[in-house]
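Please open the structure in a viewer and keep the selection tool at hand.

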Amino acid sequence: MERVDAVLGDGVKVVSEVSMSGGLYNAARMLELTDGRRLVLKCAPPPGTPGLAHERGLLGTERLFHALAADAGLTVPQVLHHDPDGDAGTREWLLLGYVEGTTWDSLREQLTDADRARLRRSLGAWAAGVARATGERYGYPQAEPGLSAGDWPAAFAAMFGALLADADRYGVELPAPVEELRALPERFAAALAEVRRPALVHFDAWEGNLLLTPGPDGAWELTGVIDGERAFFGDPLAELVGLDPLGAAELDEDFVSGYRSVDPAFAVDDAGRARLALYRTYLALIMRIESAPRAYTGDFADWVRTWSAERVTEQLAVLDALSPRP
């Protein structure tokens, strides 16, 4: 922990560390300091670790997301230090403040209908707040993967194409013909072109990354969002896809009400529905393809394989209904 002690300075040192579960790529540890504070140290995997094309410089992406989200007035971990190169014998690492709270998924069974409605409104306002931040280009922010462009159709085509190349590289069987999948960004280029501002998208705001704390009246409140390493700049609607474990956000009156409290113009037309289906296909394919380099096994691997196939088939049907193939 000498590198962390050196960053902290003023005689503050790490007195204990505990591994944190939940991450599937970067490693995270919670640190206890002599002054009573708790911090989170995240380290990139060792060089040569198998991964997907866009999984480069993820800690730099997380640093950027938290900085921009904080500027937008959202509660996220404070960025204390980022070393993109690491020191001798180490790898890229990121030091963050610890955000208090209990994850939404661990409280799922305790939440009342009133809790859920209130939290969904807060989540909608949060998603709209994130989307206020704007990038310089569309796509993933780190230069190394080369998955960015000056417009959203080109950036999404690059992101989607790189993912299909990952499937080929790892020998992952796809749930639909690769030619059909590869044609999707061009087929729906007009819908993608309606995105004219590279908005910040977390893209992984599922229940495990949402932190709740009890308010003054004891009711649960959304007080923090963590793990911004999957962020990119693009369509604000893409944020809704990461929320799908909580139900389709665009169909949730509470979520929409919360979103419109920040962005009154929020609406999803047919072009928006097409884009949502594209992003849902993209995320399902990510989960399916990453199972190879992650070496998933057992029931979880079976679930991912079955769920992703059903999800892609479902979303392709949505796309065909919106724009039948010739």
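Begin by selecting A28 and K42: A28 stands opposite K42, a residue of strand β3. Strands here are DSSP runs of E with at least two residues, helices are DSSP runs of H or I with at least four residues, and both are numbered from the N terminus. The model is a predicted one, in which local features need pLDDT of at least 70 and side-chain atom pairs count only at pLDDT 80 or more, while totals for chains, interfaces and linings use all residues. Residues are numbered from 1 along each chain as its sequence is written, and side-chain values use heavy atoms, with hydrogens and water left out.

**The sheet**

Select residues 27-33, strand β2, together with β3; the two run antiparallel and are joined by six bridges. Two strands count as paired if DSSP finds at least two bridges between them. Another facing pair to display is E32 and R38, the latter in β3. Between β2 and β3 lie four residues, which complete a hairpin, and G36 in this turn has a positive phi of about 95°.

Next, colour β3 itself, residues 38-43. How many of its six residues are buried? Five of them are, so the strand is mostly covered; buried means under 20% relative accessible area, exposed means over 50%, and partly exposed lies in between (1.4 Å probe, protein chains only). Within β5, L96 is the bridge partner of V40.

Now show the whole sheet. It is open and has five strands in the order β1-β2-β3-β5-β4, with antiparallel pairing. Each of β1 and β4 (79-83) has a single partner strand and stands at an edge, so one side of each is left without a neighbour in the sheet. On average, neighbouring strands are turned by 20° against each other, direction ignored. Helix α2, residues 58-71, packs on this sheet and touches β3, β4 and β5. The direction of α2 makes about 30° with that of β5; axes are lines fitted to C-alpha atoms, for helices over the stretch in contact, and angles run from 0 to 180 degrees between N-to-C directions.

**Salt bridges**

The structure holds 25 salt bridges, each defined as a side-chain nitrogen of Lys or Arg within 4 Å of a carboxyl oxygen of Asp or Glu. Select R29 and E17, whose side chains form one of them at 2.7 Å, N to O. R29 belongs to β2 and E17 to β1 (residues 14-20), so the pair ties together parts that are 12 residues apart in sequence. R29 is partly exposed, with a relative accessible area of 24%, and E17 is partly exposed as well, at 36%.

R280 counts as buried at 8% relative accessibility, and D244 is buried at 16%. D244 also forms a salt bridge with R311, with the closest N and O atoms 2.4 Å apart. R311 lies in helix α11 (residues 298-322), 67 residues from D244, and both residues are buried.

**The cores**

Finally, display the largest nonpolar core, which has 78 residues. Such a core is a set of buried Ala, Val, Leu, Ile, Met, Phe, Trp, Tyr and Cys residues joined through side-chain atoms within 4.5 Å. Which residues have the most contacts inside it? They are W126, W152, L181, F203, Y279, Y282 and L285. Helix α10 supplies the largest share of this core, 12 residues. Apart from this core lies another, of 11 residues, among them V4, V12, C43 and L95.

As a last stop, select L174, in the loop between α4 (152-170) and α5 (178-182). L174 is buried, with a relative accessible area of 17%. Leaving aside neighbours within four places in sequence, L174 is in contact (heavy atoms within 4.5 Å) with residues including L181, L285 and I289.
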